There are 2 protein chains.
Amino acid sequence: MSALVIDNIGLLVTNDPERGQVRDAALVIEDGRVSAIERTGAAGDERLDAGGRCVIPGFVDSHTHLVFAGDRGDEFAARMAGAPYAAGGIRVTTEATRAASREQLRELAAARRAEALRAGITHLEIKSGYGLDVDTERRSCEVAAELTDDVTFLGAHVVPAEYEGRAGDYVDLVCGDMLAACAPHAKWIDVFCEEGAFDEEQSRRVLAAGRDAGLGLRVHGNQLGPGPGVRLAVEMGAASVDHCTYLEDADIDALAGSDTVATFLPATDFSTRQPYPDARRAIDAGVAPAIATNCNPGSSYTTSMAFCLALAVRDMHMTMEEALTAATLGGARALRRDDIGHLSPGARGDAVVLDAPSYSHLVYRPGVPLVAATIAGGSAAG
Amino acid sequence: MSALVIDNIGLLVTNDPERGQVRDAALVIEDGRVSAIERTGAAGDERLDAGGRCVIPGFVDSHTHLVFAGDRGDEFAARMAGAPYAAGGIRVTTEATRAASREQLRELAAARRAEALRAGITHLEIKSGYGLDVDTERRSCEVAAELTDDVTFLGAHVVPAEYEGRAGDYVDLVCGDMLAACAPHAKWIDVFCEEGAFDEEQSRRVLAAGRDAGLGLRVHGNQLGPGPGVRLAVEMGAASVDHCTYLEDADIDALAGSDTVATFLPATDFSTRQPYPDARRAIDAGVAPAIATNCNPGSSYTTSMAFCLALAVRDMHMTMEEALTAATLGGARALRRDDIGHLSPGARGDAVVLDAPSYSHLVYRPGVPLVAATIAGGSAAG
């Protein structure tokens, strides 16, 4: 049995309700799992000296689109110069992704996964959704499954160009052959329920088909305006509804009385110049929040959870504690997992040593890379 | 004569009006200076392969406060939870800085300088201003002078606690003994002309005394509200007036007809939850802009120029080209230097290899550390 001790931790954030934040601590990880939290000076086979700095649970990024090819820097520049964001931009990436080989997709996704790990993300969900045909969606799910066990089938990301005006036919494909091809490689199904993507009835069909195939449910909703996404997610018992930039009272009421997590993606609102969601109002009403990067080439090409936290605190009026919890424990809840997002004994040994005395520096020092070391499953990574 | 060739540059930004942006280029640096821009494949004693990526001039950060001791994370957290920003917070850092030894100040400042270099900042200005007594201000200028030749004496940062109610007496000290002690170590004098700091007449006295002592002039102004700072800076011929968050028509008119640069510090507006300056309006009126980090423990504890660029584009509506130019050539202009901020032959060999095909990724990928290599004076640094 091999033990790693992260010793001399000035401030350890455990996300364990019984332990909370511990000063002058040592975190002991055995065989990939947290085995104990002790006072500084604990013994182990291997010792990592945190130098009095802050250690937090690894970030859990519950919403990413890492499998894609191509660059959309030009579209981004055009948007910053005044062009509006539209869901249809997804099609640009679809062309490049269909044209890419499995090996190319694997290399690109693995490089992004490595970048995220360096940024302290020890677990992430990965969606398909840039294939939009049976073969490429399956290939995307397979590539994603090499990097995570939280793979989401997102055939219903947008209606591809060749189905223009025949959205119903495309939904038939998603719920039929495409789902059959992807379900064996996925744990979740997701649908973009938004004007310009899929309407409420189409979204309900996709989710029902996924559930029948044994997949858990996720929804993209209420990103570009008010809409039925949030209420549909709650109605169907989805684990999470993501974006939630536009929340009406009825949406908040529905979320607050449910097990559905509201996942905020503030880097997306930054990169699309949308307003930020009113997380303060949602949280005060009892909604369970998560924060994720939404790393994707169109609307949020970042792996920096720290950047997301800075926006969550500055522009969504979350406290620093709330933001950190949402990016760790909240992400785990959005994936319905209890083995990650916290550092209680038995949890996966996923932790981040910050080059700072407190996690508040993730917001206090925006843009500064503060991840000194990422520990994933008890081993140095990134 | 030793030559470094940065070869295989996919996109080279020169900031040279005759060369502009060059594709498939090699940058040749001899004895610390740019000697030529050639096609990919140039010869040199030492070769750095940019791998087809983008190379830009090193960032010129014309506004920093790197010499200080102490932490203000708690104040920051309180502000994020609703407390307003006030200039008086500077006094907290003054206590810690006075108590620090020269060696401590040197170590702290050098660590921040190293962090900035890793972030692609190849030249920076450093202000005193956390001593506010003769000995500590002199010590701060001496420590700063070990790190840069652009040292700014900022005794007039705020009225220290022991001069409460006697601002005039403190201005006498700044213009007398303190200036005499600091001028030999400084190139510039600066004053915080703002309600809560120094009024117009006090500011004018400070600037005039500095000019008489042979120092160039800089001003902090119009940060927390409209005020006389900008017009005073123009009237006195200051090289730069910094913050410019609140600009009235008369301020813009004055700047547009002057040699005074408007230096925007958007990370400060981020961290103090101020509105962002209307850079678009100022630039369209002919104002010369710079962007700087304002790295300091109270209102902007970042060394990330990339973060500043992201805010400048997203929230100040500058184009990506304008923002990059403002953070390189603009910073050099704000320091009245022509040897940095561009990569024309003869310029200092200060360049940054980005881990991206274009500088637009500095904004497209917010929060992601994209500096693959920093070259300062022709040598790998950071």
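The model is predicted: local features need pLDDT of at least 70, side-chain atom pairs count only at pLDDT 80 or more, and totals for chains, interfaces and linings use all residues. Side-chain values use heavy atoms, without hydrogens and water.

The interface also holds two salt bridges (a side-chain nitrogen of Lys or Arg within 4 Å of a carboxyl oxygen of Asp or Glu). B:E115 and A:R365 form a salt bridge through their side chains, at 2.7 Å from N to O.

## Extent and composition

Each side contributes to the contact (heavy atoms within 4.5 Å): 35 residues come from chain B and 35 residues from chain A. The buried area, that is, the accessible area (1.4 Å probe) lost on putting the two parts together, summed over both, is about 3,200 Å², with 61% from carbon and sulfur atoms. In chain B, the residues losing the most area to chain A are B:Y301, B:R314 and B:Y364, together 26% of what that side buries.

## Symmetry

Chain B superposes on chain A by a rotation of 180° with 0.0 Å of shift along the axis, at RMSD 0.0 Å (least squares on the C-alpha atoms of residues with pLDDT of at least 70 in both). The two copies are therefore related as by a two-fold rotation axis.

Definitions and conventions: Residues numbered from 1 in each chain as written. Chains lettered and ligands numbered in written order.
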